[in-house]
Amino acid sequence: MLFFPFTLEKTLLYYQGGEFTSTGGWQLSKGNNHGDYELIFCIEGPIYLQIDQTHYVLNSGDLLLIPPFKDFGGYQSSPKSVSYYWIRFFSQARDNMFEEDEQHIIDEMRIDEPANNRIVLPVTFKLADPDQTIVLINQILAIYPDSSPLQERDYLTSALLIKLFKHYVSQNGYSEENARIRFLKEWIRANMSNNLTVREISARVDLNPDYLTRLFKGQTGMTLHQYLNHLKIEVATLLLVRTDMPINQIATNAYFNDPRVFMRHFKKSTGVTPSEYRKSYDTLPEDSPNVDAKIPIPKRIADLIDYVPENGDIPE
């Protein structure tokens with residue numbers, strides 16, 4: 001499998017990004033990223049993409065990393081509506097992609113995670129738990145240069161790749177305990193309700209509640225109770241970003257019995273109220289199928305890296 005290493009002693013440099021939607025019959029035009037990577041995260045597919053001569057089919061939850069200096073584009077039209085996020089960024093380190101056995105990489109990363117500020121991601125993989133990634137991408141795209149330092153996007157883009165790295169490693173762990181926790185997290189997501197309890201969860205895997213809580217915290221860094229609240233807030237943030245649902249209705253759909261309890265937990269978790277959170281995401285850049293996403297490389301990026309060829313005039 002093809003892998004991309006990223007040395008994060010310095011932040012990644014955010015270039016541009018957006019959310020793309022189109023009806024059936026769409027096909028990505030051919031392109032070549034001049035020095036930057038492009039991360040594509042599929043929300044609705046299938047999307048048929050090609051890097052050099054290799055074909056990829058992306059469905060909901062799939063990610064694809066397009067490396068610098070490679071020809072890419074669609075190799076056939078999508079029969080249905082498609083939707084995806086895209087983030088383009090530069091690395092300040094000159095790491096080279098490589099071919100390696102997937103299990104060898106996973107074993108290595110689990111032993112030393114991450115090594116020397118270095119993370120590794122495959123060219124493509126599926127996210128089992130995409131909601132948090134959607135929220136983080138929306139957070140990156142909602143920041144505008146006029147209202148916030150550009151470096152904030154750089155740090156968030158770096159955080160996004162670290163989060164994806166951790167997801168990839170944890171999803172592909174093989175120990176019995178890892179497998180049990182992964183099963184439990186999937187079961188909790190599938191059975192979330194307003195009154196799901198730690199005791200009920202423990203009974204599902206036939207373990208003592210106290211022991212399971214210690215085991216779960218050792219694997220995830222959270223107790224079961226904290227994880228339940230984390231999932232509820234995650235659902236709420238996703239609904240706030242992607243729907244116009246009233247706040248009280250969001251509280252119910254995020255499995256809170258009392259809107260006041262929801263408001264208190266949400267502000268404790270995010271630092272803002274649900275209304276303030278939604279307001280910060282009011283307008284996000286959305287692509288038209290006819291828009292060319294290629295723009296000149298910003299001078300701040302060109303000043304920091306020395307391996308980018310001409311890609312239009314660099315603004316002074």
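Predicted model: local features only at pLDDT ≥ 70, side-chain atom pairs only at ≥ 80, totals over all residues.
Residues are numbered from 1 along each chain as its sequence is written, and side-chain values use heavy atoms, with hydrogens and water left out.

Helices (H or I, at least four residues) and strands (E, at least two) are DSSP runs, numbered from the N terminus. Two strands pair if DSSP finds at least two bridges between them.

Back to E8. Strand E3, residues 31-32, is joined to strand E8, residues 71-74, by two bridges, and the two run antiparallel. In general, strands of a sheet pair through backbone hydrogen bonds, either parallel or antiparallel.

Next, a sheet elsewhere in the chain. Three strands form an open sheet in the order E10-E1-E11, with antiparallel pairing. Its edge strands are E10 (98-99) and E11 (118-122), each of which pairs on one side only. Strand E1, residues 2-7, is joined to E11 by five antiparallel bridges. Within that pairing, Pro5 has Val120 of E11 as its bridge partner.

Now the aromatic residues. Rings of Phe, Tyr and Trp (its six-membered ring) pair if their centres lie within 6.5 Å; planes under 30 degrees apart count as stacked, over 60 as edge-to-face and the rest as tilted. Searching the whole structure gives 15 aromatic pairs. In one of them, Phe20 and Trp26 have ring centres 4.8 Å apart and planes at 45 degrees, so the pair is tilted. For burial, the cut-offs are under 20% relative accessible area for buried, over 50% for exposed, and partly exposed in between (1.4 Å probe, protein chains only). Phe20 is buried, at 4% relative accessible area, and Trp26 is buried too, at 9%.

Another pair is Tyr37 with Phe89: the ring centres are 5.5 Å apart and the planes are at 10 degrees, so this pair is stacked. Tyr37 lies in strand E4 (residues 37-44) and Phe89 in strand E9 (residues 82-90), so the pair ties together parts that are 52 residues apart in sequence. Tyr37 counts as buried at 7% relative accessibility, and Phe89 is buried at 0%. Ring pairs also link Tyr37 and Phe89 with Phe4 and Phe6 into a cluster. One further ring has a charge over it (NZ of Lys or CZ of Arg within 6 Å of the ring centre and within 35 degrees of the ring normal). Here Lys232 lies over the face of Phe256, at 5.3 Å from the ring centre.

Strand E4 also holds Ile43. Contact means heavy atoms within 4.5 Å. What does Ile43 touch, leaving aside neighbours within four places in sequence? Its contacts are Ser60, Ser83, Tyr84, Tyr85, Ile134 and Arg242. Ile43 and Asp62 are 19 residues apart in sequence, and their C-alpha atoms are 7.9 Å apart.

On to helix H2, residues 131-141, where Ile140 is found. Is Ile140 buried or exposed? Ile140 is buried, with a relative accessible area of 0%. Not counting residues up to four places away in sequence, Ile140 touches Tyr14, Ile87, Arg153, Leu156, Thr157 and Leu160. Ile140 and Leu160 are 20 residues apart in sequence and 9.1 Å apart from C-alpha to C-alpha. H2 also contains Thr133, which is buried at 1%. With the same exclusion of residues up to four places away, Thr133 touches Phe41, Leu127, Leu160, Leu164 and His167.

The last element is helix H9, residues 259-270. H9 has 12 residues and reaches 16 Å from first C-alpha to last, close to the 16 Å expected at 1.5 Å a residue; that expected span is 1.5 Å times one less than the number of residues. Asp258 caps the N-terminal end of H9, with a side-chain oxygen 2.9 Å from the backbone nitrogen of Arg260. Just after H9, Gly271 takes a positive phi of about 90 degrees.

To finish, the totals. The protein chain has 11 helices and 13 strands. Of its 316 residues, 46% count as buried. Among contacts in the chain with a separation of 6 or more, residues 24 or more positions apart account for 75%.

Key. Polar contact = N/O pair within 3.5 Å; in protein donor to acceptor, adjacent residues only side chain to side chain.
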